[in-house]
Amino acid sequence: MGHGTVRYLKTLVTAMTLTTIVGLVVLVGVVVMRFSQTSPDQMSAPALPDQITLPDGVTADAITFGPDWYAVVSGNEVLIFDQDTGDLIKRIQVR
């Protein structure tokens, strides 16, 4: 193997190593930025169906839908609403 070939291989290995390092840094940066975008502080309240009016002082943390009802989670309580009328059916305290 000639002196030029060894130098070429050394340059090629160095370039490939640098490319791998840069690629890993970019990949880690993208993952970190993606996960930092979904922090709970930046999340907005979920959208309520139009027929539901929450009682004063209640904010929705989560909403789930049943066959004929909506459940709204607010802090330590769950409010169950009728799907057709939007009337509050039940309030359930959690602990």
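This is a predicted model: local features need pLDDT of at least 70, side-chain atom pairs count only at pLDDT 80 or more; totals for chains, interfaces and linings use all residues.
Now let's step back to the whole chain. How many helices and strands does the protein have? There is one helix, and there are four strands. Reading from the N terminus, the elements come in the order α-β-β-β-β. So much for the list; how do the strands sit together?

The four strands make an open sheet, ordered β1-β2-β3-β4, with antiparallel pairing. Why is one side of β1 and of β4 left without a neighbour in the sheet? Because β1 (62–65) and β4 (88–93) are at the edges, and each has a single partner strand. Going from one strand to the next, the twist averages 20°.

β1 and β2 are joined by a hairpin with three residues in it. These two strands run antiparallel and share four bridges. If you want a pair to click on, F65 has Y70 in β2 as its bridge partner.

Next comes the hairpin of β2 and β3, with two residues between the strands. Here G75 has a positive phi near 60°.

Then we reach β3, residues 77–82, which is joined to β4 by five bridges, again antiparallel. L79 is found opposite R91 in β4. The hairpin that β3 and β4 form has five residues between the strands. Which residue in that turn has a positive phi? G86 does, at about 80°.

There is one more positive phi to show you, and this residue is not a glycine: R95, at about 55°. R95 lies in the segment after β4. Is R95 buried or exposed? With a relative accessible area of 97%, R95 is exposed.

Now for the inside. In soluble globular proteins, nonpolar side chains tend to be buried together. In this model, the largest nonpolar core has eight residues: I52, L54, V58, A60, Y70, V72, L79 and F81. β2 (69–74) and β3 each contribute at least two residues to this core.

Leaving aside residues up to four places away in sequence, V58 touches S74, E77, L79 and R91.

Let me finish with some overall numbers. The protein has 95 residues, and 17% of them count as buried. Its accessible surface is about 7600 Å², and carbon and sulfur atoms account for 62% of that. Finally, among contacts with a separation of 6 or more, 14% are between residues 24 or more positions apart.

Note on methods
Residues are numbered from 1 along each chain as its sequence is written. Side-chain values use heavy atoms; hydrogens and water are left out. Two strands pair if DSSP finds at least two bridges between them. Axes are lines fitted to C-alpha atoms, for helices over the stretch in contact, and angles run from 0 to 180 degrees between N-to-C directions. Buried means under 20% relative accessible area, exposed over 50%, partly exposed in between (1.4 Å probe, protein chains only). A nonpolar core is a set of buried Ala, Val, Leu, Ile, Met, Phe, Trp, Tyr and Cys residues joined through side-chain atoms within 4.5 Å. Contact means heavy atoms within 4.5 Å. Accessible areas come from the Shrake-Rupley method with a 1.4 Å probe; for residues, only the protein chains shown count as cover.
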